[in-house]
Amino acid sequence: MNAESTAPPTDPAEAAAWVEFYYQQGWSDGLPLVPPTEESVRAMLEVGQVKAEEGLGTIAERNVTIPAEKVAINAVMAGCLPEYFPVVLAAVRGLSRPEFHYHNPATSTGGSAITLIVNGPIGPALGVNATHNAFGPGFRPNATIGRALRLAMLNVLNTRPGLLDKATLGSPGKYAFCFAENEDNHPWQPLHVERGFRPEDSTVTLYASNTLVGVYNQLAGTPEPLLLEFADAVCNLASPNVYGFNQSLLVLAGEHADIIRRSGWSRRQVQEWVIQQARRRVADFKRAGRLPGEIRPEDETTWRYVMRNPDDVLIVCAGAQGGSWSACLPGWGNKWTRSVTELVRA
Amino acid sequence: MRRTVFDPTLPLETQEFAYAPRPGSFRGLRVGLVENTKFHSKELLCKVAERLEQQRDMRLVSVNRKQSSGHAVSQETIALFQQQVDIALAGVGD
């Protein structure tokens with residue numbers, strides 16, 4: 001028998017019955033849901049300072065305006081604490097911005113995960129993990145804020161597999177993908193300040209990521225060899241970048257962030273260097289069937305660049321201080337969706 | 001005992017619509033294409049239009065390119081098609 005003294009006074013079988021009931025309604029992402037109560041939904045709305053019927057945004061292609069109460073219900077089901085709700089609200093508002101163009105990344109066969117990057121004081125205040133295992137399990141804010149957004153996508157926006165989510169394979173990041181930027185020991189200003197917010201503002205950035213490529217380098221002591229790996233990840237033969245000049249997200253973890261900081265390179269230098277190196281020969285693309293046509297002699301010496309605009313290289317810091325790992329998350333799109341940053345109204 | 005169940009879904013709003021009257025013949029009808037920017041979209045639609053011209057005596061009169069595959073057809077294009085087009089064709093063409 002385990003300890004009884006701190007356990008809730010209710011019968012666990014009753015709670016399990018509720019969990020099973022919610023499964024049966026078809027409202028789950030496949031994992032157990034927390035059954036909402038009047039109190040838990042009201043607490044979300046109070047902390048979020050929104051009325052139940054308030055519309056948070058409209059997705060024109062889905063003919064849907066998103067009511068705050070529905071988002072609150074999904075946030076409770078995801079396991080959010082009420083104090084997380086302002087971040088969820090900001091994420092939903094971001095989702096609704098025209099430039100994010102929700103319908104594209106949410107519906108596509110590409111199956112992108114909506115990545116949430118939390119910046120500003122609310123990250124540490126809520127305990128949103130920015131360090132060890134920043135993309136992985138073990139932290140309630142990361143897991144439940146990201147999950148709340150996906151549940152709202154499923155239940156409110158009908159983004160259901162095979163229906164309005166046509167992902168061929170999808171991604172584990174579609175369960176939940178939320179982390180905070182590590183703003184300590186940063187080479188530059190954090191992402192939200194770069195995007196025009198004040199350091200004391202809290203924000204959440206939405207980014208539709210196609211996949212995650214680990215960037216391992218234990219020998220580089222200067223930016224060039226390290227960034228060559230990032231460029232290679234951006235322009236690998238399987239990347240959709242070949243056609244779309246997509247955005248790409250580079251996540252610098254501790255050791256690699258140190259290399260960049262010590263070098264004195266600016267964010268713009270890094271972005272431009274990656275742009276210049278994210279290229280392959282036209283012949284390589286043709287051999288892989290990524291470009292049409294016969295391979296001509298000049299294709300062997302003609303570069304095709306996969307990015308054009310340095311601003312499309314998004315760079316954040318996250319992850320543990322130790323280890324030679326970073327990550328590249330090639331984007332789902334560019335003209336079809338743009339990363340957006342939304343103020344958290346806490 | 002009655003319990004409150006909080007439904008996290010949003011009811012789907014439905015709208016009634018009517019199909020346009022069916023033409024008795026394809027002969028001479030004007031065709032408009034909605035190209036969605038995907039890799040083979042325009043090529044595929046133009047092939048279909050070409051066959052309609054050859055085999056059904058129809059006429060290709062307008063090719064519209066959407067902002068992206070996920071964007072709705074613009075209101076300007078809808079207005080244009082209402083004036084100039086009898087049949088609109090759209091396709092994926094990945």
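**The contact between the chains**

Q: How many residues does the contact take from chain A and from chain B?
A: The contact takes 22 residues from chain A and ten residues from chain B. Please note that this is a predicted model.

Q: Which helices of chain A each supply at least two residues of the side that touches chain B?
A: These are α2 (38-48), α3 (68-78), α5 (103-107) and α7 (140-155) of chain A. The most comes from α3(A), with four residues.

Q: And what is that side made of, by class?
A: The side of chain A that touches chain B has eleven nonpolar, seven polar and four charged residues.

Q: Back to α3(A): at what angle do α3(A) and α4(A) pack?
A: The angle is about 125 degrees, and the axes of α3(A) and α4(A) are 11 Å apart. The two helices are therefore oblique to each other. The crossing in which α3(A) passes α4(A) is right-handed.

Q: Which residues meet there?
A: From α3(A), A:Val71, A:Ala72 and A:Ala75 meet A:Phe85, A:Val88, A:Leu89 and A:Val92 of α4(A). By class, this contact has seven nonpolar residues, with no polar and no charged ones.

Q: Changing topic to the sheet: in what order do the four strands come?
A: The order is β4-β3-β5-β12 in chain A, forming an open sheet with mixed pairing. At the edges are β4 (178-180) and β12 of chain A, each of which pairs on one side only. Neighbouring strands are turned by 25 degrees against each other on average, direction ignored.

Q: What packs on the sheet?
A: Helix α4 (residues 85-95) of chain A does, touching β3, β5 (203-209) and β12 of chain A. The direction of α4(A) makes about 50 degrees with that of β5(A).

Q: In which sense do β3(A) and β4(A) pair, parallel or antiparallel?
A: Strand β3 (residues 113-119) of chain A and β4(A) pair in the parallel sense, over three bridges. Within this pairing, A:Val118 has A:Ala180 in β4(A) as its bridge partner.

Q: Is A:Ser339 buried or exposed, and why?
A: A:Ser339 is buried, because 23 other C-beta atoms lie within 10 Å, and 20 or more count as buried.

Q: What does A:Ser339 touch, leaving out residues up to four places away in sequence?
A: A:Ser339 touches A:Thr205, A:Leu206, A:Tyr207, A:Gln247 and A:Leu314. As for A:His101, the C-alpha atoms of A:Ser339 and A:His101 are 9.6 Å apart in space, while the two residues are 238 residues apart in sequence.

How values were computed:
Residues are numbered from 1 along each chain as its sequence is written. Chains are lettered from A and ligands numbered from 1 in the order in which they are written. This is a predicted model: local features need pLDDT of at least 70, side-chain atom pairs count only at pLDDT 80 or more; totals for chains, interfaces and linings use all residues. Two residues are in contact if their C-beta atoms, placed from the backbone, lie within 7 Å. Ala, Val, Leu, Ile, Met, Phe, Trp, Tyr, Cys and Pro count as nonpolar, Asp, Glu, Lys and Arg as charged, and the others, Gly among them, as polar. A residue is buried if 20 or more other C-beta atoms lie within 10 Å of its own, exposed if 12 or fewer, and partly exposed in between; C-beta atoms are placed from the backbone. Two strands pair if DSSP finds at least two bridges between them. Axes are lines fitted to C-alpha atoms, for helices over the stretch in contact, and angles run from 0 to 180 degrees between N-to-C directions. Angles under 35 degrees count as roughly parallel, over 145 as roughly antiparallel, 65 to 115 as roughly perpendicular and the rest as oblique. A crossing is left-handed if the near helix is turned anticlockwise from the far one by less than a right angle, and right-handed if clockwise.
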